[in-house]
Amino acid sequence: MGLNIDHRAELDRLYMLDYGETPEVIARFVGVVAGGIVLYFHSHWFISLLWVFFFVKLHLFYFLFLRSRGEVVTRREHYIAATLFLLLLIAFLWLPTVLIVQDDEALNFAGAALIGCILVFLVYRCDTLMYLVVGEIVIVAVMIGWILYYVLPDFGQLPTQLAIVVCGLALLGYLTRSILQGRSNRLASEAAAMGTAQAQKMAAIGRLAGGVAHDFNNILTAIQGNLELYDEFTDPRDKDDSVRRAHTASRQAEVLVRQLMVYARKSVMEVGSYDVDLMFEEFLSLVRHLVPGTVRVVTRRPEKGMFAWADSKQLVTALINLAQNAVDAMPDGGVLTLSAREWKSKQPVPTVDGDALPPGSYVVFEVEDTGTGIDGAIMDRVVEPFFTTKPVGHGSGLGLSMVLGLARELGGGLQISSSAKGTKVTILLRWIEEGEFPAAAA
């Protein structure tokens with residue numbers, strides 16, 4: 001049965017194997033160049049300098065080929081990369097093979113050491129393509145055969161010659177077994193990891209479905225209940241209140257749908273220069289209907305004439321998510337503080353995902369509560385998709401991950417600070433002039 005190979009991923013793996021560790025790459029090439037020069041002065045072999053030249057040149061060609069491939073890599077390109085590596089293997093091995101058959105113990109030792117290094121490296125690679133694996137084994141077999149051809153005449157007795165041949169075959173056999181076993185183990189490990197990831201994905205989808213179903217059920221119950229009450233009320237003010245509550249619930253449904261579309265990347269972003277005060281005002285007009293009477297709302301409005309690089313609708317949706325989380329963290333009441341302001345930093349700005357924003361001017365939206373705070377043990381997980389501390393069916397777990405994703409898309413970031421006195425979540429967006437279009441967003 002053939003393997004379903006991700007050729008792009010395989011070329012990335014080959015690149016990391018051969019060029020991923022900079023200190024090792026530097027040491028390798030310095031060793032090859034220095035070794036070729038030392039060999040030239042030791043033996044006066046001009047071929048040692050040619051060995052260095054062609055080995056380095058072929059490596060450069062191989063490196064450029066790996067780095068020049070696009071997002072989609074074909075099977076043919078993968079085979080070309082494999083062939084280039086086999087040529088590199090031949091280009092490297094022929095000189096150590098020559099060294100090992102010379103009448104010079106120093107050269108014999110150097111040749112054996114270099115061959116040992118490359119054999120260990122071949123086992124370490126655990127290549128996927130059977131074409132490449134077979135090619136490596138055939139090249140090593142030819143090398144061993146060539147060495148035996150030259151050294152056997154020095155051992156006149158047949159039993160000794162047979163023993164040497166058996167040793168060479170044993171080396172080839174164990175190398176073949178090690179390469180194939182390493183390949184098999186890697187593929188099995190990757191298959192197991194893929195299976196685990198798929199199982200986790202299905203479990204996450206289950207949690208998402210449960211959370212979304214519960215949220216929509218609550219919203220529909222609120223809409224249906226208030227519409228039914230509308231027919232029962234006789235007082236016009238009561239009727240207006242029931243319609244208002246049904247409308248608020250429908251806006252919550254709209255927010256949830258928009259949240260799902262943002263997370264699924266099905267929503268087209270309308271990014272541009274937006275007035276911060278207008279966005280904050282829209283946020284406040286919506287969030288007032290979500291806050292119970294037990295929670296006191298404190299607002300700190302932004303200065304007039306301040307603009308941010310944003311998507312107004314999706315930003316308001318993100319802020320409402322943060323406000324809802326803050327309200328949920330204060331079941332017995334508390335203070336919800338909502339603010340927006342300009343902030344300048346001369347230092348890199350750390351974000352919750354471990355990244356850092358460059359120094360500069362930012363528009364900061366903050367949602368702060370006086371709840372019990374976030375347990376430090378789960379602080380690193382709160383922005384994971386589908387992660388939620390709410391009971392099963394009481395939330396989709398998309399809120400913070402969606403907010404983080406939106407902030408990233410807009411070139412900003414997210415910060416979270418929490419203690420026993422409450423939690424503050426901060427969205428940082430790029431501060432810009434009215435109508436400005438940042439070059440980085442082009």
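Which residues are buried in α2?

View 1. The model is predicted: local features need pLDDT of at least 70, side-chain atom pairs count only at pLDDT 80 or more, and totals for chains, interfaces and linings use all residues. Residues are numbered from 1 along each chain as its sequence is written, and side-chain values use heavy atoms, with hydrogens and water left out. Val 25, Arg 28, Phe 29, Val 32, Gly 36, Leu 39 and Ser 43 are buried in α2 (buried, under 20% relative accessible area; exposed, over 50%; partly exposed, in between; 1.4 Å probe, protein chains only). Seen down the axis of α2, these buried residues fall within an arc of 105°, so they line one face of the helix (the arc is that of the directions from the helix axis to the C-beta atoms). An α-helix has 3.6 residues a turn, so residues three or four places apart point the same way. The face turned away from the buried side of α2 carries the exposed residues Thr 22, Pro 23, Val 30, Val 38 and Phe 41.

View 2. Cover for the buried residues of α2 includes α1 (7-19), α3 (46-67), α4 (75-100) and α5 (105-125). Helices (H or I, at least four residues) and strands (E, at least two) are DSSP runs, numbered from the N terminus. The 22 residues of α2 (residues 22-43) should span 32 Å at 1.5 Å a residue, and the end C-alpha atoms are 31 Å apart, which agrees; the expected span is 1.5 Å times one less than the number of residues. His 44, whose phi is positive, near 60°, follows α2.

**View 3. Lining of the second largest pocket.** This pocket is lined by 26 residues, of which Arg 28, Val 32, Trp 51, Phe 92 and Leu 114 lie nearest its centre. A pocket is an open set of points on a 1 Å grid over the protein atoms alone, where a 1.4 Å probe fits, with protein on both sides within 12 Å along at least five of seven lines; lining residues have an atom within 4 Å of a point. The elements giving two or more residues to the lining are α2, α3, α4 and α5, and α2 gives the most, with nine residues.

**View 4. Leu 171 in helix α7.** Leu 171 lies in α7 (residues 158-232) and is partly exposed, with a relative accessible area of 41%. Leu 171 touches Leu 119 and Ile 144, not counting residues up to four places away in sequence (contact, heavy atoms within 4.5 Å).
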